[in-house]
Amino acid sequence: MPDRKTIGVLALQGAFARHIDVVESLGAAAVEVRDPDDLPGIDALIIPGGESTAMSKMLVRWGLIEPLQNLIQGGLPVFGTCAGLILMADRLKDWDALPRLGGLNVTVARNAYGRQLDSFEASLNINIPGSPEFSESVMEGIFIRAPRIPADGVGSGVEVLCSYDGFPVLVRQNNIVGAAFHPELTGDNRLHEWFLRDIITTY
Amino acid sequence: MSEKIWSGRQSPVWRKNVGLAEMLKGGVIMDVVTSEQAVIAAEAGASAVMALERVPADIRADGGVSRMSDPKMIKGIQEAVSIPVMAKCRIGHFMEARILEALGVDFIDESEVLTPADDQYHVDKTAFKVPFVCGCRNLGEALRRIGEGAVMIRTKGEAGTGDVVEAVRHMRTLMDEIHALTVMPKDQLMSAARDMGAPYDLVEEVARIGRLPVPNFSAGGVATPADAALMMHLGAESVFVGSGIFKSGDPARRAKAIVEAVTHYNDPAKLAEISEDLGEPMVGINCDDLGEKERLASRGW
């Protein structure tokens with residue numbers, strides 16, 4: 001039996017409760033992360049969807065940016081969804097001054113798909129080498145006021161694991177995984193399983 | 001998600017709209033009447049803004065008929081901030097709702113704070129692509145609104161008073177009624193649905209999952225960080241603040257403090273730090289001093 005992993009879920013604002021439900025349903029422990037005291041003992045971090053501006057302010061206010069950057073540079077596995085992808089991006093197209101974590105060599109445009117009326121659900125073909133469960137069936141992805149990685153926004157070292165409509169929507173750079181959509185909302189937990197199984201054991 | 005329960009049978013549009021409500025959890029949605037206020041709200045860390053012409057305290061003071069805001073003002077706020085922009089339509093006024101949808105607002109609040117346009121029926125929210133939030137005082141009212149298509153519920157409280165007592169009453173009632181369903185034998189659920197005037201399928205789902213099938217926020221009377229933390233403890237997943245911010249002495253500071261209090265609602269030491277030196281809160285009206293006709297919460301059917 002492998003040790004039970006403890007997953008920190010950034011709980012400053014947003015859909016953190018849904019990620020916690022998924023993590024716990026997969027047999028791992030979840031810890032809500034609100035300030036640096038919550039960080040010791042976590043084996044990985046999930047950054048949920050929500051409002052990236054609201055989360056950014058709280059990251060600064062509660063002194064989380066530097067400790068998290070140190071952990072991530074040291075190999076802490078991170079999975080950022082939607083706003084989480086924005087907070088992990090090295091470059092932001094429209095508001096690069098937004099304080100954030102960075103570390104993922106991509107450019108991200110916030111709200112690039114438009115307002116809520118333009119939010120959508122799409123069937124995604126995910127291709128992760130060594131993970132045949134993704135080729136068995138498509139995964140439904142919900143894109144909510146989603147960020148977009150422009151086709152030329154993927155830097156070196158970043159693997160594109162899924163594209164939709166010509167744009168990368170799931171990317172990985174070593175210990176950092178970013179998704180433009182919400183895998184926590186559909187009940188299909190394959191991406192969380194893969195993150196817990198493959199990414200955490202590798203780093 | 002099980003196909004047998006009500007929420008498992010809803011459309012992709014419902015799912016993505018509930019999804020936006022999920023994204024607003026753990027945050028504060030602030031009433032703003034100008035784009036300058038919207039910028040202050042966003043700077044303070046609001047997860048969304050509610051664009052309206054007058055905050056509830058002024059609607060109360062001014063009297064008269066209160067309607068949907070001027071589209072020009074809503075557009076100005078949409079241009080000023082990147083966070084979601086909500087706007088209010090009158091209860092049952094589906095054409096105000098159509099106009100707001102055409103403006104591309106991210107959420108419509110079919111709100112008792114405005115003067116009701118229909119004294120019998122609410123908007124059929126399933127006919128829209130834009131998500132709706134509606135107020136409730138109890139579980140029956142919440143489930144009727146969800147049955148009509150609302151993807152977010154907020155307990156009503158008593159808007160524009162700065163008195164949290166009604167918000168507490170409505171949230172406690174809602175949570176108690178949810179809890180009662182979870183321990184009720186299945187053969188009593190139909191009578192419970194009849195008594196509370198709620199769709200049976202939704203009663204059955206709440207009995208099974210122990211919560212509403214959509215996010216549950218709190219509104220109406222929150223004026224301090226402690227009020228916001230109180231509502232989070234009672235079961236709110238986010239807080240709407242109306243007059244409480246821009247009718248206070250130092251709106252920017254109070255807005256930031258309430259945002260921080262929603263995140264750290266379970267940490268009294270941090271709440272003490274957050275609550276320090278915020279200037280004057282809104283003056284407020286004691287809810288006991290309101291006559292039945294002055295109560296906004298009783299609007300809605």
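**Exercise 1.** How many salt bridges does the structure hold over all chains?

*Solution.* The model is a predicted one. Over all chains it holds 37 salt bridges.

**Exercise 2.** Which residue of chain A forms a salt bridge with D106(B) at 3.8 Å, and where do the two partners lie?

*Solution.*
Step 1. The partner is R115(A), with the closest N and O atoms 3.8 Å apart.
Step 2. The pair crosses between chains: D106(B) sits in the loop between α5 (94–102) and β4 (107–111) of chain B, and R115(A) in the loop between β6 (104–108) and β7 (120–124) of chain A.
Step 3. D106(B) has a relative accessibility of 1%, so it counts as buried. R115(A), at 26%, is partly exposed.

**Exercise 3.** Work out why the salt bridge between R145(A) and D106(B) joins two chains, and classify R145(A) as buried or exposed.

*Solution.*
Step 1. The side chains of R145(A) and D106(B) meet at 3.2 Å, N to O.
Step 2. R145(A) belongs to the loop between β8 (139–143) and β9 (159–164) of chain A, while D106(B) belongs to the loop between α5 and β4 of chain B, so the pair joins two chains.
Step 3. The cut-off for buried is under 20% relative accessible area. R145(A) has 7% and is therefore buried.

**Exercise 4.** Locate the salt bridge between R197(A) and E133(A), and state how far apart in sequence the parts are that it ties together.

*Solution.*
Step 1. The N to O distance is 3.1 Å.
Step 2. R197(A) lies in helix α6 (residues 190–202) and E133(A) in helix α5 (residues 133–136), both of chain A, so the pair ties together parts 64 residues apart in sequence.
Step 3. R197(A) is partly exposed at 36%, whereas E133(A) counts as buried at 18%.

Technical notes:
Residues are numbered from 1 along each chain as its sequence is written. Chains are lettered from A and ligands numbered from 1 in the order in which they are written. This is a predicted model: local features need pLDDT of at least 70, side-chain atom pairs count only at pLDDT 80 or more; totals for chains, interfaces and linings use all residues. Side-chain values use heavy atoms; hydrogens and water are left out. A salt bridge is a side-chain nitrogen of Lys or Arg within 4 Å of a carboxyl oxygen of Asp or Glu. Helices (H or I, at least four residues) and strands (E, at least two) are DSSP runs, numbered from the N terminus. Buried means under 20% relative accessible area, exposed over 50%, partly exposed in between (1.4 Å probe, protein chains only).
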